Amino acid sequence: MSATELPTPDDQPGNPFLVAGVGASAGGLEAYTELLEALPASPNLSLLLVSHLDPGQKSHLVEILSRVSRMPVQEAAEGMKVEVNSVYVIPPGTTMTLVDGHLTLTARPPRNVQHMPIDQLFRSLAAIQKSRSAAIVLSGNGSDGVIALQAIKAAGGVTFAQEEQSAKHPSMPRAAALDGNVDHILRPRDIARELERIARHPYAQTEDTPPDAPAVPARDPVADIIDLLRNRTGVDFTHYKQTTIRRRIMRRMALRNFQLPTEYLALLRTDATEVQNLYQDFLIRVTQFFRDPEAFEAIKERVFPALLKNRPAGSPVRIWVAGCATGEEAYSLAMCLLEYLDGRAEVTSAKILATDLNEVALEKARAGLYLDNIEIDVSPERLRRFFVRTEGHYQISKAVRELCVFSRHNMATDPPFSRIDLVSCRNVLIYMDAALQKRVMPLLHYALNPYGILFLGSSENVGGAADLFEVVDAKHRLFARSSAASMPLDFNASVSAEGRPRPVGREEGQPLWTALDVQKEADRVLLARYAPVGVVVDETMTVLQFRGRTASYLEPAPGMATLDLFRMLREGLLAEVRAATNQAKAENAVVTREGIQLTEGTTARTVRVEVVPFKVPPSGVRFFLILFQDAPQADRVPSPPAEAQPTQNDLKVAQLQQEIGALREYLQSVIEEQESTNEELKSANEEILSANEELQSTNEELQTAKEEAQSANEELSTVNEELRHRNSELARVNNDLVNLLSGVGLPIVMVGRDLRIRRFTPLAEKAFNLIATDVGRPISDMKPNLRLDDFPGMIARVIDSLTPFEGEVQDGSGHWFSLRIRPYVTLDSKIDGASIVLVDVDAIRRQIVPKEAPGS
């Protein structure tokens with residue numbers, strides 16, 4: 001690939017232009033309008049609008065959006081082909097998906113099944129359009145669309161969410177942003193501009209004709225990007241599928257608006273945040289609960305019975321989930337295992353080891369907290385049994401979480417686990433090239449127990465490792481570890497580059513080399529010929545690296561092996577080197593010692609020592625480079641004339657004087673260090689005393705708080721007893737009241753100040769046409785079986801005037817009653833409604849006075 005050209009994306013079905021799915025619910029009409037107003041007509045873009053708007057809004061959505069959009073807007077129809085520069089709106093009561101570039105409509109599911117039309121559209125969009133897809137989450141309630149953003153991003157598409165401040169209902173965009181799969185968080189008008197820019201980027205388009213034969217670069221910039229990531233993150237992506245890696249790099253280039261890989265490489269060298277973003281893009285974490293449900297049923301019906309059959313007592317079931325992402329796969333297996341063990345007599349412990357490279361995904365997996373739209377993938381029975389419902393989320397229950405242990409593990413470089421019964425390595429191998437797969441398969445074989453099971457993804461197979469695994473269920477990708485001897489395991493991080501294009505200059509059968517290798521070898525030869533020998537040490541004077549042949553100055557000390565510099569120095573160097581390193585530590589500057597006499601047997605030579613402090617970015621940790629060099633012949637003092645030659649004693653005295661001077665300097669530095677250490681110890685002792693006093697004070701405060709808490713607890717117990725006693729009294733009074741009202745044998749109705757019915761006696765049901773569920777309803781809604789005008793007004797006047805009312809009324813059959821309405825007075829003399837009583841006076845009204853007898 002030329003340094004000046006973009007790699008071409010994978011051949012993909014669907015449409016050769018960018019198709020964007022746009023999801024919204026409450027407040028979506030305003031967001032749609034703002035988005036389409038800012039979006040120009042585009043020869044490279046189409047929009048699919050899907051929402052939870054009510055049918056009334058949806059039916060007018062096309063008409064409203066057509067007024068503001070510069071792209072044609074139409075309602076989607078079954079089998080309609082998606083054309084460029086068009087907007088398609090989901091019809092009311094349907095679910096819309098994309099299949100082979102055409103729209104498919106299905107009826108909305110029943111109301112007892114959660115409807116997630118945005119998720120379903122986004123998933124189909126990712127499957128068809130891949131890197132030529134975009135997903136936009138606008139204003140709305142709930143979390144529809146959030147899970148499918150993972151699929152869009154994994155396929156190489158671009159994801160957007162509306163800025164919370166501009167959203168009328170921010171729940172949906174907030175959930176999308178918190179899930180970590182959103183590339184841009186913008187206002188709708190800014191989303192339109194960014195979408196239009198990406199649609200014009202080469203990443204979202206296809207090349208009609210291949211470019212003219214470009215000059216082959218000396219170094220592939222994509223390879224340089226992989227090298228940079230390896231140095232910054234410690235993970236080597238060299239043997240991951242290059243089409244995927246290049247597509248990921250192109251995706252980040254499109255997001256950051258770079259046309260050339262060399263420009264993007266320059267950005268990575270200076271921007272640590274972008275390095276992490278690219279690293280996260282490489283670590284694809286798309287997953288879901290019970291992906292391929294039939295495969296999990298096969299695990300439960302065929303694998304678990306075989307694993308538990310004749311298992312020794314106390315032997316736990318061990319499962320390894322490699323590439324677990326955010327944990328759904330591991331938790332799905334845990335739930336299946338618990339379901340299988342449910343109701344069985346045998347008690348079997350289990351441990352699920354879930355590993356991944358992505359620490360961000362592992363943190364989410366450990367928390368076990370997922371959005372409520374997992375209801376699409378998890379049955380209601382499993383939700384009730386294995387999850388705890390919180391506001392807008394489901395959390396894996398503690399019993400399931402305790403089965404799973406999540407940790408970071410690199411299959412390509414780290415040793416595998418052992419004694420595993422079931423390895424789930426689903427949709428991991430598809431991202432590795434043949435060379436890396438060839439290395440990983442023996443590791444999986446080694447990890448499994450005899451006849452353990454390997455569980456792969458629906459598009460994966462054991463390939464060239466057919467002698468290591470036997471097919472158990474080809475349809476569901478279940479393989480058993482064969483009895484073949486394990487191949488020798490290679491724990492070296494490097495892998496042969498089989499099947500890769502050869503760099504220019506490489507002959508068949510010759511080892512692979514690069515321009516960087518040539519430079520490193522040339523530097524090594526140059527340093528060996530001209531640079532002084534030395535060692536690199538840390539602050540504790542522990543040798544970290546030997547540079548050149550240091551045997552003339554260092555030798556291993558007798559006894560226990562050590563890398564302590566001061567124990568390895570040859571006789572005569574210790575005092576000078578110690579003094580020089582102490583001075584370099586204190587001054588943080590280069591220190592040089594000249595004229596050090598070093599004697600080996602009968603040979604004496606003069607040595608020059610140089611201590612160079614340096615720091616390693618970005619941590620800033622300090623190290624020291626200590627260089628040793630014999631003084632050149634030209635620098636040595638010429639021997640004096642014979643008559644002036646010093647005696648042997650003179651030479652010995654001069655050497656002793658030099659050593660005494662060096663020892664004085666060393667002792668002075670030791671004394672200064674001791675005084676400094678003493679001051680630090682005094683200060684530390686004072687701090688410890690102060691901390692001890694603070695701890696004592698804190699302890700006293702905690703004791704006081706404990707006593708106060710005990711006192712508060714006693715008061716709460718007393719209040720609780722009082723409340724319990726009062727509740728029993730209220731229950732007794734309520735029972736008395738119910739029995740009293742039932743026993744008076746009169747129609748009685750009690751209403752509140754708002755004229756809503758509070759209570760009534762059984763006899764009142766006929767007179768006032770009441771039923772048990774009328775409690776709480778306004779008295780004005782009732783049609784009493786009495787000849788009354790404005791009955792609610794009569795009650796209201798009694799409450800307002802506090803004047804009781806008494807009069808006679810007839811029912812529909814002409815029966816006479818005495819109607820009495822009195823204000824309802826509380827114990828604190830407040831009017832809180834009215835009581836209505838009917839007394840049967842029909843016999844009195846109709847009584848005939850007997851005539852007097854004659855003669856009386």
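## A buried salt bridge

Glu-576 and Arg-593 are both buried (under 20% relative accessible area, with exposed over 50% and partly exposed in between, for a 1.4 Å probe and protein chains only). The two residues form a salt bridge, with their closest N and O atoms 3.3 Å apart (a side-chain nitrogen of Lys or Arg within 4 Å of a carboxyl oxygen of Asp or Glu). Glu-576 belongs to helix α19 and Arg-593 to strand β22, 17 residues apart (helices, H or I, have at least four residues and strands, E, at least two; both are DSSP runs numbered from the N terminus).

The model is predicted: local features need pLDDT of at least 70, side-chain atom pairs count only at pLDDT 80 or more, and totals for chains, interfaces and linings use all residues. Residues are numbered from 1 along each chain as its sequence is written, and side-chain values use heavy atoms, leaving out hydrogens and water.

## Other salt bridges

The whole structure holds 43 salt bridges. One of them joins the side chains of Arg-189 and Glu-34 at 3.4 Å, N to O. Arg-189 lies in helix α6 and Glu-34 in helix α1, so this pair ties together parts 155 residues apart in sequence. Arg-189 is partly exposed at 33% relative accessibility, while Glu-34 is buried at 16%.

Arg-251 and Asp-281 also meet in a salt bridge, at 2.5 Å, N to O. Both residues are buried.

## An enclosed helix

Nine of the nine residues of helix α4 (residues 146-154) are buried, so the helix is largely enclosed by the rest of the structure. Among them are Val-146, Gln-150 and Lys-153. Gly-156 follows α4 and has a positive phi, near 100°.
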